[in-house]
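I opened my notebook to record, entry by entry, what I looked up in this structure. The entries go from domains to a sheet, and then to chains and annotated spans.

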Amino acid sequence: MLRSPRAIPYLLLLPSIVVIAAVVLVPVLVSLWSSFTPYNLTRPATLFTFVGWRNYQRLFANADFWWAFGRTLVFVTVALNLELVFGLALALLVNRVTTGRKTIRTIMMFPMMFSPILVGFQFKYVFNDSVGILNNALFSLGLITRPIPWLVNGALANFSILAAEIWMSTSIFAILLLSGLLALPQDPIEAAKVDGCNPVQVFRHITLPFLMPFIYIAMTIRSLDVARAYDMVRIMTNGGPAGRTELLWTLIARVGYQNSQMGMANAMGYVSILTSIAFTFYFYRKLSLSRRYMGGAE
Amino acid sequence: MSARMIEQPWQRWAIRFALFVALAILCIPGLWVVLTAFRPNVEIMARPPVWIPQHPTLDNFRRIFGLLPAEQQGLPVADYFRNSLVISVTSTIIAILVGMMGGYAFARFRFRGKKAMFLGFMLSRTVPGIALSLPLFIVWSRLGLIDTKIGMIVIYLAINIPFTIWLTDGFFRQIPVDLSDAAQIDGCTRWQAFWKIEFPLARSGLASAAIFAFLTSWNEYALAAQITRTTNAKTMPVGLMDFTAQFTVDWAGMSAMAVLIIIPALILTFIVQKHLIAGLTFGGVKG
Amino acid sequence: MAEVHLSKVVKRYGALEIVHGIDLDIAHNEFVVLVGPSGCGKSTTLRMIAGLEEISGGTISIGDRVVNSLPPRARNISMVFQNYALYPHMTVRENLGFGLKIARQSPAVIEQRVNEAADILGLSPLMDRLPANLSGGQRQRVAMGRAIVRNPDVFLFDEPLSNLDAKLRGQMRVEIKKLHQRVKTTVVYVTHDQVEAMTLADRIVIMRDGHIEQVGTPIDLFERPVNTFVAGFIGSPPMNQLEAMIGSRPAGPVAVLADGTELPLPPEFAGRVTADQAVIVGFRPENLYPAGHGIPAAGQTLDMDRTVSLSEPLGTETMLFLDFGGREVQAKMLNPRLVAPGERMPFKLDLGHLHVFDRASGKSLRA
């Protein structure tokens with residue numbers, strides 16, 4: 001509906017574009033440039049020494065980087081999938097009760113308003129081996145006699161940060177999927193029942209396809225800010241013990257700010273940026289496709 | 001809806017029990033932190049643990065505001081709180097104004113490059129905070145914006161605009177175009193039609209977008225931790241780290257500060273929860 | 001005085017042209033209906049008159065002003081939208097008064113004009129309700145009230161009745177007609193429903209694919225359609241159309257149908273058809289009737305016995321389906337009696353009301 005001079009939409013978008021360009025686009029280009037330099041915070045002049053692919057070559061030859069990268073991919077994949085499963089289960093449960101749905105939904109929003117740094121602190125406290133509520137509870141129930149070193153043992157620490165991440169983000173899935181379930185038209189479900197489907201078949205063939213766009217919205221929204229997990233891990237373990245929970249993001253902070261190797265850190269940063277964009281783009285495409293399938297506009 | 005399903009009593013109880021467990025898991029960690037904020041240190045360290053606070057106290061709060069001169073010196077929590085408030089409120093107001101213009105453009109106009117631009121805005125949001133902080137640190141230090149409130153406000157503006165655009169696009173699209181047309185025929189300019197008809201109708205949606213933006217700024221850590229240094233601009237989440245030393249954590253002080261961070265967030269979220277969900281799903285599904 | 005003149009008006013979206021230079025003159029206080037199938041450009045034309053769409057070419061004037069570059073608010077028009085477009089956050093009273101408020105009328109004037117409009121439309125008991133609490137018909141009335149309050153030069157209606165059920169649509173049609181008789185104003189009304197067009201219009205404009213096919217009074221269009229499209233669009237059920245060839249006989253030209261039946265043509269076609277011309281012959285169902293069950297023809301008739309394949313009783317009349325001239329046609333039976341499928345009946349075709357169109361161009365061959 002081009003009902004006015006063509007310039008108007010661009011004018012309306014101009015301030016947004018300027019801000020994004022200044023705070024994201026330009027810095028990302030600076031980041032790209034500095035990833036080809038040996039830039040070190042302590043020696044500013046090094047920002048203008050071009051070293052080609054050297055940072056990337058060193059990076060790809062570095063086992064610590066690959067460990068962190070692989071751990072990040074596994075962490076994100078496992079977390080997103082579990083959040084989806086738990087979120088769907090929770091949404092289906094809430095959809096089955098008829099009273100107090102509003103209150104329940106409000107309680108479900110509880111973790112969403114927590115700052116990730118707060119979630120990190122909270123779980124650092126929950127999993128603390130001497131004063132944590134988890135060990136305290138296990139002691140009181142007589143299930144353990146010695147404290148479990150949740151954040152000190154490598155495997156347990158990974159489990160702990162995963163638990164914290166899932167606690168933080170399952171609600172988003174649950175709430176979005178619940179609104180999908182509430183919008184679900186009853187006619188096709190009744191038709192399927194009349195056609196002889198059992199509850200599992202109804203879910204598989206009617207409910208789930210209808211929920212797909214909602215699942216992709218949740219996935220898209222989540223993939224926009226998976227890196228928020230950095231804040232949480234930063235305070236819980238900061239990559240420790242001995243690098244056993246090191247994610248790409250904590251590694252970047254360590255290399256960039258503690259070791260002042262900005263060039264190298266930016267090279268890693270670029271890897272993380274491209275990975276995030278790939279994730280988001282993938283889900284966004286899926287969302288567009290399923291929307292077309294649902295008959296949404298444009 | 002589901003009430004029409006035939007349910008056995010035992011099924012109903014199983015569902016209720018499962019829900020109760022799930023909701024307990026969602027609530028207990030936070031509750032535990034809140035309880036801790038009101039406990040004396042002895043009780044926190046006690047073994048066997050004290051479940052219900054026996055000696056509730058406000059000392060932890062007094063201490064972090066430096067109101068207990070006797071023992072430790074207070075942290076500049078009041079400064080952090082003020083910084084957080086100034087930065088979050090300012091960036092939210094501007095983000096809503098700017099984002100609303102953008103959302104309106106996407107909802108009401110057809111123009112070249114629309115889809116690519118929308119995707120571009122969304123993708124700008126995907127850049128991980130910590131990865132963005134590196135070049136921002138470089139650029140901001142050249143511009144002298146490190147450790148300034150204005151520096152943080154601009155950054156949060158950029159973080160909040162894409163999401164505000166997504167939400168307001170959805171809200172404006174729920175308002176039929178005919179209403180603006182009718183208003184223009186009734187004698188309004190397009191500008192008047194927007195302020196008298198479309199803006200009031202989108203107001204509740206805009207309010208929830210604003211609260212979402214506020215929470216994002218209020219809760220952000222990764223960027224603030226690198227860009228702010230002192231009481232000039234340091235925000236609450238960054239201040240929270242003041243309570244951790246190399247090997248020890250001041251659980252009581254941290255819990256008190258956590259409560260201070262969570263209370264505004266709690267109140268605001270409950271106010272807008274309904275609109276927020278509607279906005280997210282509408283913007284997404286009807287694309 | 002508010003005539004509306006459209007001259008060579010064109011609408012393009014990029015390379016796509018959807019209104020191809022139409023000319024139309026609407027007289028002061030005339031009720032003109034734009035009608036046509038969806039996508040014919042009628043709504044776009046209306047929105048160009050309203051100023052809601054840019055005009056890509058040509059000129060539109062209202063009164064003696066060219067309004068091409070004027071925004072809607074400067075055109076002194078009002079419009080009723082298909083979905084009513086009531087402001088959901090305002091009461092009925094506020095909706096009605098909004099335009100006057102924008103025009104900075106004094107509260108006393110607004111009050112008085114709003115109450116007048118409310119009286120005319122019977123809205124007085126609803127004044128403090130929100131649109132969400134109104135029925136479809138009530139919303140429709142508020143939308144019309146909002147239009148008349150401002151005393152516009154021209155009323156525009158964009159398919160205003162299409163969201164109502166059949167019964168309400170009939171009622172509102174009557175109300176709109178009464179309203180026009182009471183509040184004399186120029187009206188441009190868009191619809192896809194030919195019944196609405198026939199019943200409401202002083203003049204009908206039939207559009208197809210961005211062109212005007214025919215302009216005329218309802219009776220004109222019904223009796224003298226200029227082409228097969230108009231013939232098929234106006235009238236319900238539609239005109240029967242049969243393929244035929246022209247043959248010349250001593251008594252005058254005849255149309256030879258696929259089954260060999262010869263139909264002598266009315267005198268007005270003499271000299272306008274040539275032998276062996278491929279044509280379409282049309283006649284309306286009411287001109288084919290069972291003997292004794294129709295309006296007796298003034299002139300010559302073709303008599304035949306035919307088997308009825310289906311009958312649709314409608315009360316005052318019954319529609320009969322039968323094979324004639326190589327295809328199925330509809331006949332109308334007045335003073336009906338029960339007709340069983342398969343029943344053989346004597347039919348009369350009124351030859352004085354035949355229409356003949358050139359088959360290639362679809363154009364009427366009438367003088």
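**Two domains of chain C**

I first looked up the spacing of the domains, and the C-alpha centres of domain 1 of chain C and domain 2 of chain C lie 39 Å apart. The domain assignment, whose bounds come from an automatic or database source, places domain 1 at 4-233 and domain 2 at 240-358 of chain C. Five residues from domain 1 of chain C and five residues from domain 2 of chain C make the contact, where two residues are in contact if their C-beta atoms, placed from the backbone, lie within 7 Å.

I noted that this is a predicted model, in which local features need pLDDT of at least 70 and side-chain atom pairs count only at pLDDT 80 or more, while totals for chains, interfaces and linings use all residues. Residues are numbered from 1 along each chain as its sequence is written, and chains are lettered from A and ligands numbered from 1 in the order in which they are written.

**The sheet in chain C**

I then followed five strands of chain C, which form an open sheet in the order E15-E19-E16-E17-E18 with antiparallel pairing. Strands (E, at least two residues) and helices (H or I, at least four residues) are DSSP runs numbered from the N terminus, and two strands pair if DSSP finds at least two bridges between them. Strand E15 (288-290) and strand E18 (327-334) of chain C stand at the edges with a single partner strand each, so one side of each has no neighbour in the sheet.

Between strand E16 (residues 301-313) and strand E17 (residues 317-324) of chain C, which run antiparallel, I found five bridges. Ser311(C) has Leu320(C) in E17(C) as its bridge partner.

**Chain B against chain A**

I looked up this contact next, and it takes 78 residues from chain B and 86 residues from chain A. On the side of chain B that touches chain A, the largest share, 15 residues, comes from helix H12 (residues 251-285) of chain B.

**Annotated spans of chain B**

An unreviewed UniProt entry annotates "transmembrane region" at residues 13-35, 85-106, 118-138, 150-172 and 251-272 of chain B; such annotations may be inferred rather than shown by experiment, and their positions are given in the numbering used here, with feature names shortened. I checked residues 85-106 of chain B, which are 100% helix and 0% strand, with end C-alpha atoms 30 Å apart. Residues 118-138 of chain B are 90% helix and 0% strand, and their end C-alpha atoms are 28 Å apart.
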